[in-house]
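The following exercises are to be worked through with the sequence and the structure at hand. Each task is followed by a solution in steps.

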Amino acid sequence: MSGITIKRLLAGLATLALLVTAQGALVHVHAGELEAARLRYAALPAGVDPAAAAVRAGRFDAAFQPLSEDALRFAQGAARWYRLRLDSDWRAHSAPLLVIRNARFQPVTLYAAGDPREQAQEHAQSGRDARFSRRALVFELPRDLRAGESLYLRMPASTKPRPFSARVYPEEAYHVDDTGWVRVMTFFESVQFTMILVGLTLWLALRDRLYGYFVGYLVPQLFYLLIASGDMYSLPGTGWLEPLGIRALWFVAALSTPFALSFIIEFCEMRRIAPRLAHVLSWLRWPWAVLALTSLLPLAWHARNSLQPDVGNALFLLCSLAAIVAVIVAWRRGSVAAGVFLLAWIPQSIFTALRALQLLLQLPLPGWLEFGLPAALALSSLVLTLGLGLSTLQARRERDDARNEAQRDPLTGVHNRRALMARIAEALTEARQQHAPLSLIFLDLDHFKAINDRHGHLIGDACLRILAERVQSELRPGDTLARWGGEEFVVLLPATALGGATLIGERIRRRVEADPFIASGVAVAITVSLGLSGHTRATIESPEQLIEQADAALYRAKAAGRNRLIVHPAFAAVP
C-alpha cells in the first residue's frame, strides 16, 4: 500500500477515535445516588412467593438486604427483586429518570411506591417511548420523589448471571447524553450501510463471488449493530423480530462469521498461498451454521440448554485466532491483500474478543467497549472497501495488460494482425460516417532473407525491431503500426488523404535507409518497399480490399527495384 493510502487510513482511525472519545465524555451526567437492596428469599417464610402488590406495599421490606451497586445482577434460573431508594430528595429542575443499562433483552418491571402503575420494558419491546433510544431501559419517576421512597424492580430469571446498572438521571441531562449516543451510533451504522451498497454495486457489476462474500460479511454486522442499538425495532415491518428477543442477535452474529471466513479465504488468496490453512478456515465455517440454526429454537429450549452464548463466544475466539494466524502467514508470503485485511480486522477482532470475554466472564460493560466495537466495525468496513477497490484496480490493470499483450507482436512490440484488422474495421466505419479519407501503407523489409542467411536470425530479428522503431518515430498520434507477418508491416493512417499519406510514406522510407544498423561490428543497411492504398468517397468496401490493394502496390514497388513507394491506381485515380 502507498504511503498516502496508509496516511488516509490512519486519519480515518484517528477520526473514529475522536468520535468515540467525544461520545464517552457525554456519559458523565449528574446522577442521583441510589441505595440498593436485594430481596433475600431465605428470609421469607417457607413457600411464600412475594406478589407484586405485597412487595410494593412494603410488606417484605425487612427481607431486603442492602447491597453495593456493583452487586446488581440478573440471577440464573430465578427471578430477583431489588429495592432502590434515593439518598436525598429529588431537587433537580427536570423530572427524574431511572435508567437500567446492560439489561440485554431481559424484561424489567418497575413498581414505584404510591404509584399504582406497573412499568414494564425490554429492549425489543414495541411501542417504547420514542423520546429515548434503546440504549437503556428508561422509566419515568415522580417529580416529587423523596429520599427513602422505594422503587421496586423485578428482574426475571436469566440464562446467565449478568450484571446491570441502575441510575437516576435528570431528564434534560439524560436527553443530551442519549442524543449524543444516537448520533454516534447512527454514524457507525451509516458507514456500514454505505460500504454494503458499495460492495453490492461491485458484486452486481463484476459478478465476482469475492464481493458477494464481502456483502454477506457486512450485512449481518449491520443487523447486529441495529439490533444491539435497538434501531432495528424502529424500522417498519420488523415487528416479527420482537418475539425472538436476544436470539435475533445470536443468529446474525452466528451468520456473520462464516461469511467472514469465506471472505478471508477469497480476499487473501488463501487457497493459492496457504492451502492447508484455507482448508482449516473452511471447516471452521460449519459449526456456525449449527449455531445459527439452534439460535432460532424456542426460548424454552434455551432455558434448559444455556450454553449457546458461551459456545458462540468461545468459538469466535478460536476462529479469530485461526483467522489472524492464517492471514499473517499469507501476508508474510507476499499477499498485499492480507496486509490490508490485517490492518482492517485486528482492531475489530480485539474489540470483539474483549466483548466476548466480557460476556463470558459476566463483567459490566464499560463505555469504551460499548463504543469501541461499533467504531472498529465501521473502520474495518472502510479499510476493506478500500482494499477491495485496490484489488479491483489491480485486476483491471492485469486484464488490460493481458488484453494488450494479446494484441501485440512479441518480437517488435507493435500491434499484431488480429488487432490491426479490428482497428481497420473501426477506422473504415468512422471514415464512412464522417465522409473522411483513410490511407494504408503496406511495407516490406527489402532482401530480408539475404540478411538472415548472411548474418543469422538474431541479426534478422534485430533488424525487424529497428525497422519498427524507425517507422513508429515517423507516425502521428492516432496512427497504427502493426506487424502483418514475417518482414511485412502495415501502417494505418486515419483521416489522411493521398497527399498526406505519400509524404508520411516517403518520410518512413528515407528514415529507414538513413542509418545502417550496427550488429557485432558489422554495418547492416536496410531499406523498405511500400505500397499505398486508401479509402475516399466509398471506394473501399472492406478491410480486406484495402489490404489487398496496398499489397498489390507493394508488389509493384518490389518489381520496380525496391526502396520506393508505389500508390495503387484505384487510390491515385480518385480526384
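**Exercise 1. Identify the residues of the nonpolar surface patch and the helix with the largest share of the patch.**

Solution. The model is a predicted one.
Step 1: Ile346, Ile350, Leu354, Leu357, Leu361, Leu363 and Trp368 together make a nonpolar surface patch of about 640 Å².
Step 2: Helix H11, residues 336-360, supplies the largest share of this patch, namely 4 residues.
Step 3: Leu357 may be taken as an example, and its place is in helix H11.

**Exercise 2. Determine whether helices H3 and H4 are roughly parallel or antiparallel, and state the handedness of the crossing.**

Solution. 
Step 1: The axes of helix H3 (residues 171-206) and helix H4 (residues 209-229) come within 9 Å of each other, with a crossing angle of roughly 160°.
Step 2: Because of this angle, H3 is roughly antiparallel to H4; the cut-off for that class is over 145 degrees.
Step 3: The crossing of H3 and H4 is left-handed.

**Exercise 3. For the salt bridges Asp61 with Arg85 and Lys558 with Asp446, state which parts of the chain are tied together.**

Solution. 
Step 1: Side chains of opposite charge can pair when their charged atoms come close. The criterion here is a nitrogen-to-oxygen distance within 4 Å, and the model has 24 salt bridges by this rule.
Step 2: Asp61 and Arg85 meet through their side chains at 3.4 Å, N to O. Asp61 belongs to the loop between helix H2 (52-56) and strand E2 (64-67), while Arg85 belongs to strand E3 (residues 80-86), so this pair ties together parts 24 residues apart in sequence. Asp61 is partly exposed at 22%, and Arg85 is partly exposed at 22%.
Step 3: In the salt bridge of Lys558 with Asp446, the closest N and O atoms are 3.5 Å apart. Lys558 is part of helix H17 (residues 543-559) and Asp446 of the loop between strand E10 (438-445) and helix H14 (448-455), so parts 112 residues apart in sequence are tied together. Lys558 is partly exposed at 21% relative accessibility, whereas Asp446 is buried at 3%.

**Exercise 4. Describe the salt bridge of Arg511 with Asp515, and state which residues are linked with Arg101 in a network of salt bridges.**

Solution. 
Step 1: The side chains of Arg511 and Asp515 form a salt bridge at 3.9 Å, N to O.
Step 2: Arg511 is partly exposed, with 29% relative accessible area, and Asp515 is partly exposed, with 41%.
Step 3: Arg101 is linked with Arg135, Asp177 and Glu370 in a network of salt bridges.

**Exercise 5. State whether Gly531 is buried or exposed, and how far its C-alpha atom is from that of Leu440.**

Solution. 
Step 1: Gly531 is located in strand E15, residues 528-535.
Step 2: The relative accessible area of Gly531 is 0%, so Gly531 is buried.
Step 3: Gly531 and Leu440 are 91 residues apart along the chain, and 8.3 Å separates their C-alpha atoms.

**Exercise 6. State the phi values of Arg562 and Asn563 and locate both residues.**

Solution. 
Step 1: Most residues other than glycine have a negative phi.
Step 2: Arg562 has a positive phi, near 70°, and Asn563 has a positive phi, near 50°.
Step 3: Arg562 is in the loop between H17 and strand E16 (565-567), and Asn563 is in the loop between H17 and E16. Arg562 is partly exposed, at 30% relative accessible area.

How values were computed
Residues are numbered from 1 along each chain as its sequence is written. This is a predicted model: local features need pLDDT of at least 70, side-chain atom pairs count only at pLDDT 80 or more; totals for chains, interfaces and linings use all residues. Side-chain values use heavy atoms; hydrogens and water are left out. Patches are made of residues with over 30% relative accessible area and no salt bridge: like charges are joined within 9 Å, nonpolar side chains (Val, Leu, Ile, Met, Phe, Trp, Tyr) within 5 Å. Accessible areas come from the Shrake-Rupley method with a 1.4 Å probe; for residues, only the protein chains shown count as cover. Helices (H or I, at least four residues) and strands (E, at least two) are DSSP runs, numbered from the N terminus. Axes are lines fitted to C-alpha atoms, for helices over the stretch in contact, and angles run from 0 to 180 degrees between N-to-C directions. Angles under 35 degrees count as roughly parallel, over 145 as roughly antiparallel, 65 to 115 as roughly perpendicular and the rest as oblique. A crossing is left-handed if the near helix is turned anticlockwise from the far one by less than a right angle, and right-handed if clockwise. Buried means under 20% relative accessible area, exposed over 50%, partly exposed in between (1.4 Å probe, protein chains only).
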